[in-house]
Amino acid sequence: MSGRDLFCQPRRIRRGAALTLVFASVLVAAAATGSFPESDRKSVSGAARSAVPAGHHEDVAKAAEEAMANGKSPMEAAERAVSRSGDRWGAVYSEGEYQEFEEALDGQYTGVGLWARRERDGRIEVTRVQSGSPAATAGIRKGDRLRSIDGRKVDGQPVTEVVSLLRGDATDAAAGTEVELGLQRGTRAWTETLRRARLSTDSVTVRKLADGVTVIRIAAFTKGVGDVVRTAVRQAPVGTGIILDLRGNSGGLVTEAVTAASAFLDGGLVATYDVDGAQRALHADSGGDTTRPLVALVDGGTMSAAELLTGALQDRGRAVVVGSRTFGKGSVQMPSRLPGGSVAELTVGHYRTPSGHTVDGRGITPDLDVEQADQQATVARAETVLSGLGDAD
């Protein structure tokens, strides 16, 4: 299991009141809910609220209202109501938590700029350091061992807990607050005190392979990602293929996934979804590159909006999907404000791929099932598939 201090599940969710998701790569809670853009998400009293099935929302709102009238916590009452409702992806957030999630979807976060994973023996290893971050300035490197955070040993701890400590969730730590890391590199052990900072996410990374193939890796569909993908496709060398790496992509803004789909499709259907029984559709813009060979890499951490994109490219014959079965998160949540200021995100519908396949609880089966143990070998396999597609053309 791996992650970064980019996003993290809120501590209230981790306590089990409304566990919305568990995933392996990018630690995002709200960004993995298949959410609509900020302008839609903040409309918590108009269209968004009316989109929530009436009984579902009213039960949660009533529970919060009654609790507040009785001098009890409206948020805790709402959490219990969501839990009783059976809404697998429903959740209740405090105002602060919800604001944090919206900032995350805008592509910013508070942290030190570390990615980490837990090895089989329980050690926590740094897998990446964000350029320009406090961790980078301190000289922390990929491969360093993270032994403690503020004096607390982290060996054997879930990565979600490690990320929470890095961010200072327990104290709502802000940018500028200090965090002390215990580190080890080889035989050298030392401590480093860093100041948390407001950082921009690296949701998209683009690199060129030796044979000219462009690899576009999308970690999450935060604001602006779709346009970055379209630019990367336009700038790829003529006549070369593209590997779209969606492994570990936790989802994010649906509209950004649709924009990304527009880079590879010339208009047409991306997905359908229902809201309170009403059928709706999402369409790509015209003018995408429909001839360049394309392989999409997926795994069990490919979720939500990333599955929506994968399903569109697969069903419409635009990409060969390589990897392992995706997570199976195909529902859509919308927010509504509750008495006391907290926000409930409740499931309002489910989306389907262009061919009508349901994703929720099933995931997407790749065209070519490939063992994901060796990341480099998987990319090499994708290159082989691309070369075959090029030959076929």
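Helices here are DSSP runs of H or I with at least four residues, and strands are runs of E with at least two; both are numbered from the N terminus. The model is predicted: local features need pLDDT of at least 70, side-chain atom pairs count only at pLDDT 80 or more, and totals for chains, interfaces and linings use all residues. Residues are numbered from 1 along each chain as its sequence is written, and side-chain values use heavy atoms, with hydrogens and water left out.

**Glutamine 314**

Helix H11 spans residues 305–315 and holds glutamine 314. Buried means under 20% relative accessible area, exposed over 50%, and partly exposed in between, with a 1.4 Å probe and protein chains only. Glutamine 314 has 18% relative accessibility, so it counts as buried. Contact means heavy atoms within 4.5 Å. Leaving out residues up to four places away in sequence, glutamine 314 touches Ala319, Val321, Ile364, Thr365, Pro366 and Asp367.

**Aspartate 245**

Strand S13 contains aspartate 245. Its relative accessibility is 3%, so aspartate 245 counts as buried. Beyond its neighbours within four places in sequence, aspartate 245 contacts Val215, Ile216, Arg217, Ile218 and Leu297.

**Polar contacts**

A polar contact is a pair of N or O atoms within 3.5 Å; within protein, one must be able to donate a hydrogen and the other to accept it, and residues adjacent in sequence count only if both atoms are side-chain atoms.

| Side chain | Partner | Distance |
|---|---|---|
| Glutamine 314 | Aspartate 367, side chain | 3.3 Å |
| Aspartate 245 | Arginine 247, side chain | 2.8 Å |

**Helix H9**

Helix H9 covers residues 225–235, and its buried residues include Val225, Gly226, Val229, Ala232 and Val233. They span an arc of only 125° around the axis, so they sit on the same side of H9. The arc is taken from the directions from the helix axis to the C-beta atoms. Arg234 and Gln235 are exposed, on the face turned away from the buried side. The cover over the buried residues includes strands S11 (204–208), S12 (214–218) and S13 (242–245), and helix H10 (254–262).

**Nonpolar cores**

A nonpolar core is a set of buried Ala, Val, Leu, Ile, Met, Phe, Trp, Tyr and Cys residues joined through side-chain atoms within 4.5 Å. The largest has 43 residues, and Phe221 and Val270 touch the most other members. H11 gives this core its largest share, 6 residues. Apart from it lies another core of 19 residues, among them Ile140, Leu146, Ile149 and Leu166.
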